[in-house]
Amino acid sequence: MSKVAIVTGSAGGLGKGIAKRLSEDGFKIVLHDINKKMLDSTLKEFKDAGVDSIAVAGDVSKRDDQFNLVKEAVDAFGQLDVFVNNAGIDVVSPFLEIDENELNKTFSVNVNGTVFGTQAAAKQFIKQGTKGKVINACSIAGHESYEMLGTYSATKHAVRSFTHTASKELAADNIRVNAYCPGVAGTSMWDRIDEEMVKYYDNMERGDAYKQFVDGISLGRSQEPEDVANLVSFLASDDSDYITGQAIITDGGIVYR
Ligand SMILES: NC(=O)C1=CN([C@@H]2O[C@H](COP(=O)(O)OP(=O)(O)OC[C@H]3O[C@@H](n4cnc5c(N)ncnc54)[C@H](O)[C@@H]3O)[C@@H](O)[C@H]2O)C=CC1
Ligand SMILES: CC(=O)C(C)=O
């Protein structure tokens, strides 16, 4: 029987690339996003390509939405095998200007969302009595703290920490919890980061912040969704069964650990 994977925030960007790769790996796919319009259009693309898939709209920062997401997946496909906590948001701000709303919102989506998604998936894996895999979107910003990205970096450090704790507590239930840590991928997230960053520097134009980051990549190019999906595919597969609690960097050579 085909395995079933949920990918949050998969209407576009890295999540869509991951969902596409997992479908090629033979998974039935549950697409998910807060952006209903984009989600509908992505579902149509997947269906047109013959992928056995459904779409569930929701907000990862709401615990009930995350449990509903798992329920809808199991109602449609009878089981769950892989849950990718991919959805995340960015925020750009000098440290002295970080405000309460942006702190709360970014932690709520990136951190609370990951915790609630992991809880919902793990409870389902335990109920099924099967092996389960939770795969979290961390970042190089979960290993290194970047100027202007202080809040975002702190959320990704928290994701790495929860990846460690959850992997330790859930190992006895045959559940692996790992994370992928991308570097610089030219998705809509980086369009927003670039646009915000250049506002703070008189000598910078649109595209410059992105270029500065890309120029620091040893392999000489920015990341494609497929590069990230290659790692997630491995973490979702049986080949990674002896790996848990790891936050693995895939960045073409920016951060060396
Ligand atoms: N693009 C990059 O260079 C990097 C991205 N990442 C991480 O990878 C993940 C995906 O990033 P991208 O695809 O670049 O971002 P993106 O902004 O292009 O796509 C994120 C998707 O998540 C959805 N989303 C946002 N808030 C949501 C919520 N509350 N509930 C459900 N869905 C929500 C958006 O509608 C969007 O479709 C994020 O967690 C991000 O932090 C990590 C390192 C680098
Ligand atoms: C967007 C991101 O995750 C960075 C700069 O590492």
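Start with the largest pocket of this predicted model, which has a volume of about 880 Å³, a volume being the space filled by probe spheres set on grid points joined across faces, edges and corners. A pocket here is an open set of points, on a 1 Å grid over the protein atoms alone, where a 1.4 Å probe fits, with protein on both sides within 12 Å along at least five of seven lines, and lining residues have an atom within 4 Å of a point. Select Ala87, Gly88, Ile89, Met189 and Arg192, the closest to its centre of the 43 residues that line the largest pocket.

Next, colour the helices (H or I, at least four residues) and strands (E, at least two), which are DSSP runs numbered from the N terminus. The elements that give two or more residues to the lining include helix H1 (13-24), strand S2 (28-33) and helix H6 (188-198), and H6 provides the largest share, five residues.

Stay on H6 and select Met189, Trp190, Ile193, Asp194, Met197 and Val198, which are buried, meaning under 20% relative accessible area with a 1.4 Å probe and protein chains only. These residues lie on the same side of H6 because they cover an arc of only 145 degrees around the axis, taken from the directions from the helix axis to the C-beta atoms.

Finally, turn to the largest nonpolar core, which has 26 residues, a core being a set of buried Ala, Val, Leu, Ile, Met, Phe, Trp, Tyr and Cys residues joined through side-chain atoms within 4.5 Å. Helix H8 (225-236) gives the most to this core, with six residues.

Residues are numbered from 1 along each chain as its sequence is written, and chains are lettered from A and ligands numbered from 1 in the order in which they are written. Local features need pLDDT of at least 70 and side-chain atom pairs count only at pLDDT 80 or more, while totals for chains, interfaces and linings use all residues, and side-chain values use heavy atoms, with hydrogens and water left out.

Conventions. Buried means under 20% relative accessible area, exposed over 50%, partly exposed in between (1.4 Å probe, protein chains only).
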